[in-house]
Amino acid sequence: MTTTPPLKTWIPSWIFLTFVWGMSFFFIKISGDDLSPLQIAFGRVALGAITVLIILLIIKQKLPNTKKAWVRANIAGFLQHTAPFALIAYGETHITSVLAGIGNAATPLWTAIFSMAFIPKDKITRNEYIGVLTGFAGVLILVGIWEGNSGESDVIGILAVILATACYGGVVIYTRSKVTELGFSPSSFIGAQLIASTIQLLILCLVFTSTPVQIGTSTIWAILFLGIFSTGLAFPLVYKIIRDVSSLAAATITYATPIISTLAGVIFLKEGLHWYQPIGAILILYGVSLVQGINFSKMWSRRGDLNP
């Protein structure tokens, strides 16, 4: 058994990730003033790829050098970056950044569902079943399904975000089954994913979008934040927390990012919430906690004896 590093050595990374991922929904909304969803996703992954390549140069690591690795990097890149980044940006053309941030917390529910479907050897507990059902009940309440497709309860926008979380959940299972066995470092493979995603999104942008009429200063800063901080620096850091502490410690970021995204949306964008949406958010987060088996009273004293 290995001991967990002192909080002061990794909690700054946890706070950084909570902040940059929570604020990403605000900056996506800002950049949507000048750019299409595909263009936002392209700018984000392109800058993220450049950032990771600089990190690899500093730590003296190389990109994967096999055909199999690059084929799988293309699949993983589509699931982790291309599709969800574009879907969330599209979702935010219909709904508030607050709702997008809350809906994004459903990711672990999809991971559990895909685990049940594609990894039969994983034993599913009663709590996990209850967690999935509770979480999706929360999604329905969050959408305000009884109100139909109107205003902030725009079903299309919420479904786009939920589909993005399904991609995130799917890539976890794909990584476990197809990527880990390749033996490349997380930073190296993330670099390959981001390069692959950049090429995918460049092609999609050339085919489906037109040149922006104008790109304001606020949009430029928003894309810089999304690319450098929310993507390029974030993914290596989260893998560092998984490696040094545990996957459960990294998973708790899921609970904190909606707080940041909600505060940013309410304070800076003057967005509001319907009375039922906080109830839906609580049910989603409670369902996620059941699925992940997280006991918050023990979380911060947990030894790092779990395999990420």
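This is a predicted model: local features need pLDDT of at least 70, side-chain atom pairs count only at pLDDT 80 or more; totals for chains, interfaces and linings use all residues.
## Notebook: a helical chain, looked up piece by piece

Entry 1: I started at glutamate 181, which counts as exposed at 54% relative accessibility. My cut-offs here are under 20% relative accessible area for buried, over 50% for exposed and partly exposed in between, with a 1.4 Å probe and protein chains only. I number residues from 1 along each chain as its sequence is written, and my side-chain values use heavy atoms, with hydrogens and water left out.

How many salt bridges does a search of the whole structure find? I found one, taking a salt bridge as a side-chain nitrogen of Lys or Arg within 4 Å of a carboxyl oxygen of Asp or Glu. It joins arginine 72 to glutamate 181, and the closest N and O atoms are 2.7 Å apart. The partners come from distant parts of the chain, 109 residues apart: arginine 72 sits in helix 3 (residues 67–91), and glutamate 181 in the loop between helix 7 (155–179) and helix 8. Helices (H or I, at least four residues) and strands (E, at least two) are DSSP runs, numbered from the N terminus.

Is arginine 72 buried or exposed? I get 13% relative accessibility, so arginine 72 counts as buried. Setting aside residues up to four places away in sequence, arginine 72 touches Tyr174, Lys178, Glu181, Leu182 and Phe189; contact means heavy atoms within 4.5 Å.

**Entry 2: the whole chain.** I then stepped back for the overview. The secondary structure comes to 13 helices and zero strands. Of the 308 residues, 53% count as buried. Among contacts with a separation of 6 or more, 90% are between residues 24 or more positions apart. I get about 14600 Å² of accessible surface for the chain, and 68% of that belongs to carbon and sulfur atoms. Accessible areas come from the Shrake-Rupley method with a 1.4 Å probe, and for residues only the protein chains shown count as cover.

The average pLDDT of the chain is 86, and 89% of the residues score at least 70; pLDDT is the predictor's confidence in each residue, from 0 to 100. Over residues 299–308 the pLDDT stays under 50, and the model has 28 contacts beyond four places in sequence for them.

**Entry 3: aromatic rings.** I count 11 aromatic pairs in the structure. Rings of Phe, Tyr and Trp (its six-membered ring) pair if their centres lie within 6.5 Å; planes under 30 degrees apart are stacked, over 60 edge-to-face and the rest tilted. One of the pairs is phenylalanine 26 with phenylalanine 268, tilted, at 5.6 Å centre to centre and 50° between the planes. Phenylalanine 26 lies in helix 1 (residues 7–31) and phenylalanine 268 in helix 11 (residues 253–268), so this pair ties together parts 242 residues apart in sequence. Phenylalanine 26 is buried at 13% relative accessibility, whereas phenylalanine 268 is exposed at 55%.

Entry 4: Serine 13 is in helix 1 and counts as buried at 15% relative accessibility. Beyond its neighbours within four places in sequence, serine 13 is in contact with Leu237 and Ile241. Threonine 262 belongs to helix 11. Not counting residues up to four places away, threonine 262 touches Val98, Ile102 and Leu273. I also noted 9.3 Å between the C-alpha atoms of threonine 262 and leucine 273, which are 11 residues apart along the chain.

**Entry 5: a nonpolar patch.** Which residues form a nonpolar patch on the surface? I list Ile199, Leu202, Ile203, Leu206, Val207 and Phe208, together with about 650 Å² of accessible area. Patches are made of residues with over 30% relative accessible area and no salt bridge, like charges being joined within 9 Å and nonpolar side chains (Val, Leu, Ile, Met, Phe, Trp, Tyr) within 5 Å. Leucine 206 lies in helix 8 (residues 186–208) and is exposed at 66% relative accessibility.

Entry 6: Most residues other than glycine have a negative phi. Lysine 60 sits in the loop between helix 2 (37–59) and helix 3, exposed at 76% relative accessibility. Lysine 270 also has a positive phi of about 60°. I place lysine 270 in the loop between helix 11 and helix 12 (277–292), and at 69% relative accessibility lysine 270 counts as exposed.
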